[in-house]
Amino acid sequence: MTGNRALVVAADTVVLDEVLRLAAVANCETECVPDLVAARARWKEAPLVLVDEVAVAEDDPVRLPPRKGVLVVCKGPPAPGTWQRAFAVGAQQVHSLPDDETAVLKAFAEIVEGPARPGGRVLAVVGGRGGAGASVLAAGIATTAASAGENVLLVDCDPLGGGLDVLFGAENHQGLRWPALRVDSGQILLSALETALPHRDYGTGRIRFLSTGEKGPDPSGDAIAGVVTSARRAGRLVICDLPRHLGGGAAEAAARADLVLVVVPPEVRACSAAKRVVDLLRRTGADVRLIVRGPSPGDLTAAYVSATVDVPLLAELRTERRLAHAIEKGHFHPKPHGPLHTTASTALATLTTLPEPTP
């Protein structure tokens with residue numbers, strides 16, 4: 001169908017090759033014509049029009065009806081007068097390659113994926129100290145949301161965490177892991193990614209998880225940003241399990257999160273460690289809340305932990321009997337009204353009260 005193809009008007013073969021490469025990355029079909037005269041037939045119906053600098057610089061400009069979704073693309077900085085000629089053909093932007101590759105990829109992706117859907121949210125979970133239970137809470141929030149009918153993307157950003165697929169007993173399931181994922185310029189085609197990921201169904205919803213692998217490189221900042229941004233744009237609930245040091249691009253997830261939960265046991269050393277984690281999170285601009293995971297070996301209260309770490313308390317999380325035993329057996333099924341489910345429900349309810357993210 002030609003109606004879903006982007007129209008590429010290019011006289012410069014170098015620019016044409018670059019534009020077609022970006023279209024292939026986004027899995028977007030194109031129709032190519034050499035000049036604006038040849039573009040007349042599809043000018044109004046094409047969902048996106050990209051015009052190269054040579055085509056808009058012709059001595060006898062072609063008069064075409066005004067429309068949205070016109071971009072001028074050039075190799076390197078635009079020549080003098082390019083912006084004026086671009087506006088004359090109704091272009092909204094001039095993009096220089098390779099610097100503006102991400103913007104061009106985004107334009108192609110919007111054709112393939114459709115317009116941004118409402119409701120996409122990002123929640124991140126991080127431990128205030130090692131072994132605090134952040135991964136279990138992240139998985140518990142995912143299962144609670146899926147049981148309520150959500151399609152959830154659970155993103156493992158901690159290469160030393162053992163893998164979220166292991167938590168679900170799915171380490172041997174076929175599917176894509178981070179080391180096998182290639183992301184060009186921070187862009188990802190979400191529909192293709194979701195098809196390739198292992199998943200678990202809970203109730204009427206589904207959790208797809210992108211886990212770290214036993215071998216291979218850590219996820220980069222561009223890769224994490226591309227996955228999280230694309231999933232939010234598609235209206236997904238994204239839950240990220242972060243490492244405490246925010247390395248390997250995890251800071252990109254924290255910066256894009258609507259809410260970050262720090263899990264802290266009520267212990268003196270845990271409070272001290274959590275302060276440093278919170279300091280790193282605040283540098284990303286994250287909205288940070290506290291989950292206190294008891295019991296306390298020294299009778300520290302959740303209010304004391306909140307005051308010491310200087311983070312608002314969201315909830316207290318009690319230990320759920322036999323959950324650790326079930327996880328060891330590869331079964332992650334928190335009790336419907338147990339402590340983990342209750343805390344997860346509080347976190348999800350808080351997430352819905354936050355301002356809608358900007359698309």
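With which side chain does the side chain of R42 make a polar contact? The views below take up this residue and then the strands. The model is predicted, so local features need pLDDT of at least 70 and side-chain atom pairs count only at pLDDT 80 or more, while totals for chains, interfaces and linings use all residues. Residues are numbered from 1 along each chain as its sequence is written, and side-chain values use heavy atoms, with hydrogens and water left out.

**View 1. R42 and its polar contacts.** R42 lies in the loop between α2 (36-39) and β3, where helices (H or I, at least four residues) and strands (E, at least two) are DSSP runs numbered from the N terminus. The side chain of R42 makes a polar contact with that of E31 at 3.1 Å, and another of 3.1 Å joins the side chains of R42 and E45. A polar contact is a pair of N or O atoms within 3.5 Å; within protein, one must be able to donate a hydrogen and the other to accept it, and residues adjacent in sequence count only if both atoms are side-chain atoms. R42 is buried, with a relative accessible area of 6%; buried means under 20%, exposed over 50% and partly exposed in between (1.4 Å probe, protein chains only).

**View 2. Strand β3 and its partners.** Strand β1 (residues 6-9) runs parallel to β3 and is joined to it by three bridges, and strands pair if DSSP finds at least two bridges between them. V49 of β3 is the bridge partner of L7. β3 also pairs with strand β4 (residues 70-75) in the parallel sense over four bridges, and D52 stands opposite V73 in β4.

**View 3. The two faces of β3.** In a regular strand the side chains alternate between the two faces of the sheet. In β3 (residues 49-52), V49 and V51 on one side and L50 and D52 on the other are all buried.
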